[in-house]
Amino acid sequence: MKLPVSVQEIGSRIFRDCVKLSSVEIHTPCLDNNIFDGCQHLEEVTTDCEKYHTIERIIYNQDVTKIIFIPPATQTIVLPKTVVFAQIDEKNLKELTFWQHQKLSIESSKLQTLHMIVGKKNYMLSLNTQFLFERSRWFRHNGLGTVQK
C-alpha cells in the first residue's frame, strides 16, 4: 500500500488487524508503533521522512540510536552498533544479534538464538527460551514471564 504524500498524519492503530497488509509506504513524520497493531504479516514499512533511518526494514531515529518500528513479521534482527537500548516486543522474532554494550528488553515467544558481538568475536547464545543475558550476568527464565538469577 502506498499512501499519498498529502497524508501528513496517521492516527494510532489506523491499520489495526489488517492481517493481509504486507508492505506500506508512508511520508508522514509521525510514526507510532501502535499504527500497525495486529498486522502480523507486515514485512516492510518504508518512509522518505528525514526524521527516520531504515536499515534492513527496521526504522530507527535519525542518528540510529533508537528503534522506532520493527515490522511484525520480522524474524531476524541485527542491531547496529549505535543503538544503546532496545526494547523489542516482536512475537515472530527468532534470532537477534546485538553488541556487548547494548541494553536489551526482549519479549518474543519464538526467540531461539541470541548472537552477542564482543569486539570482533560473535558468541551464539542458544536460548530455547530458558536463559537471558543482561548486563554481563546470566539469568534463567522460568517460563512464566519473569526472570530468576
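**Note on a predicted all-strand model**

1. R16 and D17 form a salt bridge, their closest N and O atoms lying 3.6 Å apart; the term denotes a side-chain nitrogen of Lys or Arg within 4 Å of a carboxyl oxygen of Asp or Glu. R16 is partly exposed at 48% relative accessibility, and D17 is partly exposed with a relative accessible area of 49%. Here buried means under 20% relative accessible area, exposed means over 50%, and partly exposed lies in between, with a 1.4 Å probe and protein chains only.

2. This is a predicted model, in which local features need pLDDT of at least 70 and side-chain atom pairs count only at pLDDT 80 or more, whereas totals for chains, interfaces and linings use all residues. Residues are numbered from 1 along each chain as its sequence is written, and side-chain values use heavy atoms, with hydrogens and water left out.

3. The whole structure contains two salt bridges. In the pair R57 and E43, the closest N and O atoms are 3.8 Å apart. Because R57 sits in the loop between β3 and β4 and E43 in the loop between β1 and β2, this pair ties together parts that are 14 residues apart in sequence. R57 is partly exposed at 40% relative accessibility, and E43 is partly exposed at 44%.

4. The protein has 14 strands and zero helices. Both kinds of element are DSSP runs numbered from the N terminus: helices are H or I runs of at least four residues, and strands are E runs of at least two. Of the 149 residues in the protein, 37% are buried. The accessible surface comes to about 9300 Å², and carbon and sulfur atoms contribute 49% of it; such areas come from the Shrake-Rupley method with a 1.4 Å probe, and for residues only the protein chains shown count as cover.

5. Strand β1 runs parallel to β2 (residues 44-47), and four bridges join them; strands pair if DSSP finds at least two bridges between them. The bridge partner of I26 in β2 is T47.

6. An open sheet is formed by three strands in the order β3-β4-β5, with antiparallel pairing. Its edge strands, β3 (52-55) and β5 (67-69), each pair on one side only. From one strand to the next the twist averages 40°, where axes are lines fitted to C-alpha atoms, for helices over the stretch in contact, and angles run from 0 to 180 degrees between N-to-C directions. Two bridges connect β4 (residues 58-61) with β5 in the antiparallel sense, and Y60 stands opposite I67 in β5.

7. T74 lies in the loop between β5 and β6 (76-78). T74 is buried, with a relative accessible area of 12%. Leaving aside residues up to four places away in sequence, T74 touches N92 and L93, contact being heavy atoms within 4.5 Å. A polar atom of the T74 side chain lies 2.7 Å from the backbone oxygen of P71. H41 is 33 residues from T74 in sequence, and their C-alpha atoms are 8.9 Å apart.

8. Among contacts in the protein with a separation of 6 or more, 12% are between residues 24 or more positions apart.

Terms used:
A polar contact is a pair of N or O atoms within 3.5 Å; within protein, one must be able to donate a hydrogen and the other to accept it, and residues adjacent in sequence count only if both atoms are side-chain atoms.
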